[in-house]
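Visitor: I'm new to this one. Can you walk me through it?

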Amino acid sequence: MPRVLSKKLRVLCFSSHARVSACKPPNTLTKEFISSFHFNEPSKAVHYSTYSRLFSPKIPSQKLTPPLEPVNPISKDGIFNTMNQPIKRLDNLIHLKNEQESPTEREIQEPDDYFFADVEKVYRILRKFHSRVPKLELALQGSGVVVRSGLTERVLNRCGDAGNLGYRFFVWASKQPGYRHNKDVYKSMIKILAKMRQFGAVWALIEEMRKESPHLLSPEVFVILMRRFASARMVKKAVEVLDEMPKYGCEPDEYAFGCLLDALCKNGSVKEAALLFEDMKIRFEPTIKHFTSLLYGWCKEGKLIEAKVVLVKMREAGFEPDLVVYNNLLNGYSVAGKMADASHLLVEMRRNGVEPNATSYTIMIQALCGREKMEEATRVFSEMEKNGCEADVVTYTTLISGFCKWGKIKKAHELLEAMIRKGHIPNATTYLYFMLAHEKKEELEECLELVNEMKKIRVSPDLFIYNTILRLSCKLGETESGIRIMNELEENGITPGVDTYIILIGGLVEQARLVEACDYFQEMVERGLFSAPQYGVMKDLLNSLLRDDKLQLAKDVWGCIIEKGCEVNVSAWTIWIHSLFSNGHVKDACSYCLDMMESGEMPKPDTFSKLMKGLKKLYNREIAVEITEKVRKMAEERNITFKMYKRRGERDLKEKDKAKKDGRKRRARQRQWGSRTRKADTL
């Protein structure tokens with residue numbers, strides 16, 4: 001299969017830059033060429049906005065020209081500048097960054113600044129001593145690192161998803177003489193805590209700001225909290241933030257209200273956003289940004305009729321649709337598969353004096369690629385160039401993603417060459433689609449070669465690329481390669497995320513490397529990355545340990561979860577107790593059931609019935625009476641009759657046993673039918 005070799009790729013990159021920069025002195029070529037690359041820090045928390053280039057699958061355009069000064073997305077008249085926003089990819093979609101970057105955030109992306117050595121030193125200390133606070137403080141005191149403005153926010157960003165590490169340093173830094181947290185540090189810490197859904201700690205931090213540094217409180221601080229509540233689908237709490245702002249000396253303005261609408265619409269609460277918009281019309285005068293957010297939300301939900309109603313109301317309010325509004329509608333039609341209507345809308349845009357841009361065409365290309373209509377997508381791409389609209393990195397990446405998705409890797413590589421010849425440098429997202437295509441074919445060597453090619457042209461692999469290679473390594477049983485990738489992540493300044501740990505732990509469990517799996521699981525817990533969505537990996541690990549007669553190791557894992565104060569609900573306790581019971585540790589299961597009730601959680605009815613059956617076989621009446629009395633008392637407190645609770649548990653157990661038997665019979669029939677089918681195929 002033809003591939004772009006690293007040498008050829010480098011020649012194309014340098015020759016493209018030479019054509020663009022031919023008029024410049026030779027001594028400036030290297031510096032500008034290197035500065036033209038944009039190194040993303042995947043661990044950095046990013047918020048996205050629907051105000052600019054909505055639905056656009058955009059990523060930073062990296063032409064081989066000197067980097068321009070960052071453009072403020074809000075113009076002087078208050079309208080969002082939609083043409084020069086930096087953007088970033090998340091999962092399989094590419095989204096926009098929110099508002100303007102602060103200078104400190106831009107500087108964090110430069111690994112060669114004078115903070116870099118101190119940040120890495122602090123991060124290594126945090127990783128080593130984060131579970132032992134006294135030793136951690138002593139190590140930080142003896143490190144020789146001077147806490148100063150700019151360093152703290154860089155350390156917090158370096159910790160990434162590991163919120164516990166960042167919080168430890170935040171607390172220690174606040175105690176240092178001659179240093180006080182600034183606005184950027186507080187904002188970074190609030191983002192981290194809110195991302196961990198530690199909303200009580202966020203309010204406590206805001207209260208601390210009100211008492212000690214009231215001048216640092218601004219609407220932006222509350223907007224962060226609104227967005228996190230909205231992303232957790234806690235609509236009422238998000239609206240309450242708007243009402244709480246005056247108590248802290250911040251009057252809600254149009255910016256804060258607009259951000260609240262934006263967050264609700266972006267996170268699937270457009271109905272609530274529409275009701276809020278109607279209720280707040282008197283308090284906040286409607287703007288085109290408000291209508292754009294609602295239009296975005298309805299289009300995202302696929303409800304085009306409601307979107308058209310918003311468009312009519314917008315015109316009645318005296319606002320004419322602009323490029324962003326049209327791109328919203330264009331995306332709505334494209335997602336719904338109404339490509340004919342999308343084409344008519346392009347004609348209408350030109351008729352109304354709004355010229356489609358690269359985003360408009362990319363939206364259509366993305367929709368066609370998703371439906372395996374690659375010929376039509378290529379035709380739209382050609383039409384775009386014919387109409388004088390130059391394709392950028394995003395457009396090329398979108399088309400490449402379509403070819404890779406449907407297995408046409410050869411054409412994707414041809415498009416990559418054409419992209420480089422025209423002066424566009426591929427970025428990590430571009431290569432990610434090649435990685436995903438090779439992952440489908442289980443081609444690990446090709447993925448590793450692509451990483452080497454990226455490094456040679458100074459494109460840094462991001463966390464998504466490392467996760468893809470790690471997933472493939474574990475799938476193929478190459479857990480040693482997976483561990484090397486994990487170490488390389490840290491060396492390259494990328495903080496492993498939740499997915500990284502889950503992939504590696506799952507791979508180690510499958511290969512029966514349980515001790516190492518426990519080490520990485522405990523590291524994930526200590527970094528504050530463990531929560532309810534990770535109960536699946538916990539269940540697999542505990543069951544594997546108990547099946548392998550490693551009871552003490554399983555208890556150590558559970559003890560680590562409890563000790564670190566992780567989110568432990570009834571489901572977590574049930575998983576642990578059922579794992580112990582299923583593997584013959586009935587007394588231990590009963591002991592932990594008593595611990596569960598001590599923590600205020602009532603066991604599920606089937607858990608109680610299962611334990612009673614086990615104790616009956618062991619003739620252990622004392623523990624049975626103790627558990628029964630505590631369950632009876634908790635049932636009374638919750639207004640549940642003990643008799644109904646007991647009957648329900650027995651019924652649930654019978655239903656589960658029946659489901660297990662039916663499942664065995666079904667699998668046996670499938671094996672039998674499968675063997676007959678194979679015989680028929682052979683004949």
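Guide: Let's begin with a charge over a ring. Arginine 632 lies over the face of phenylalanine 642, at 4.3 Å from the ring centre. Keep in mind that this is a predicted model.

Visitor: Which other arginine lies over the face of a ring?

Guide: Arginine 158 does, over the face of tyrosine 123. That arginine is 3.9 Å from the ring centre.

Visitor: Let me step back. How many helices and strands are in the chain?

Guide: The chain has 34 helices and two strands.

Visitor: And how much of the chain is buried?

Guide: Buried residues make up 52% of the 683 residues.

Visitor: What about contacts between residues at least 6 apart in sequence: what share joins residues at least 24 apart?

Guide: That share is 69%.

Visitor: Back to rings. How many aromatic pairs are there?

Guide: The count comes to 18 aromatic pairs. One of them is tryptophan 203 with tyrosine 248. Their ring centres are 6.0 Å apart and their planes are at 25°, so the pair is stacked. Stacked requires planes under 30 degrees apart.

Visitor: Where do those two sit in the chain?

Guide: Tryptophan 203 is in helix 9, residues 199-212. Tyrosine 248 is in the loop between helix 11 (235-244) and helix 12 (254-266). They are 45 residues apart, and the pair links distant parts of the chain.

Visitor: How accessible is tryptophan 203, and is tyrosine 248 buried or exposed?

Guide: Tryptophan 203 is partly exposed, with a relative accessible area of 22%. Tyrosine 248 counts as buried, because its relative accessibility is 14% and the cut-off for buried is under 20%.

Visitor: Which helices hold them?

Guide: Tryptophan 558 lies in helix 29 (residues 551-563), and tryptophan 573 lies in helix 30 (residues 570-582). The pair therefore ties together parts that are 15 residues apart in sequence.

Visitor: Are those two tryptophans buried or exposed?

Guide: Tryptophan 558 is buried, at 2% relative accessibility. Tryptophan 573 is buried too, at 7%.

Visitor: You mentioned helix 29. How does helix 28 pack with helix 29?

Guide: Helix 28 covers residues 535-547. The axes of helix 28 and helix 29 are 7 Å apart, at an angle of about 155°. The two are therefore roughly antiparallel to each other. Their crossing is left-handed.

Visitor: Which residues meet there?

Guide: From helix 28, Met538, Leu541, Leu542, Leu545 and Leu546. From helix 29, Leu551, Leu553, Ala554, Val557, Trp558 and Ile561.

Visitor: How about helix 12 and helix 13: at what angle do their axes cross?

Guide: At roughly 155°, and the axes come within 7 Å. That makes helix 12 roughly antiparallel to helix 13. Helix 12 passes helix 13 in a left-handed crossing.

Visitor: Which residues make the contact?

Guide: Helix 12 gives Phe257, Leu260, Leu261, Leu264 and Cys265. Helix 13 gives Val270, Ala273, Leu276 and Phe277.

Visitor: Let's switch to loops. Which residue has a positive phi without being glycine?

Guide: Alanine 512 is one, with phi near 60°. Most residues other than glycine have a negative phi. Alanine 512 is found in the loop between helix 26 (498-510) and helix 27 (514-526). The residue is exposed, with a relative accessible area of 60%.

Visitor: And what is phi for asparagine 639?

Guide: Near 60°, again a positive value in a residue other than glycine. Asparagine 639 lies in the loop between helix 33 (621-637) and helix 34 (642-682). At 74% relative accessibility, asparagine 639 counts as exposed.

Visitor: What does glutamate 443 touch, leaving out residues up to four places away in sequence?

Guide: His438 and Leu472. Glutamate 443 and leucine 472 are 29 residues apart in sequence. In space they are 8.3 Å apart, C-alpha to C-alpha.

Notes: Residues are numbered from 1 along each chain as its sequence is written. This is a predicted model: local features need pLDDT of at least 70, side-chain atom pairs count only at pLDDT 80 or more; totals for chains, interfaces and linings use all residues. Side-chain values use heavy atoms; hydrogens and water are left out. Helices (H or I, at least four residues) and strands (E, at least two) are DSSP runs, numbered from the N terminus. Buried means under 20% relative accessible area, exposed over 50%, partly exposed in between (1.4 Å probe, protein chains only). Rings of Phe, Tyr and Trp (its six-membered ring) pair if their centres lie within 6.5 Å; planes under 30 degrees apart count as stacked, over 60 as edge-to-face and the rest as tilted. A charge sits over a ring if NZ of Lys or CZ of Arg is within 6 Å of the ring centre and within 35 degrees of the ring normal. Axes are lines fitted to C-alpha atoms, for helices over the stretch in contact, and angles run from 0 to 180 degrees between N-to-C directions. Angles under 35 degrees count as roughly parallel, over 145 as roughly antiparallel, 65 to 115 as roughly perpendicular and the rest as oblique. A crossing is left-handed if the near helix is turned anticlockwise from the far one by less than a right angle, and right-handed if clockwise. Contact means heavy atoms within 4.5 Å.
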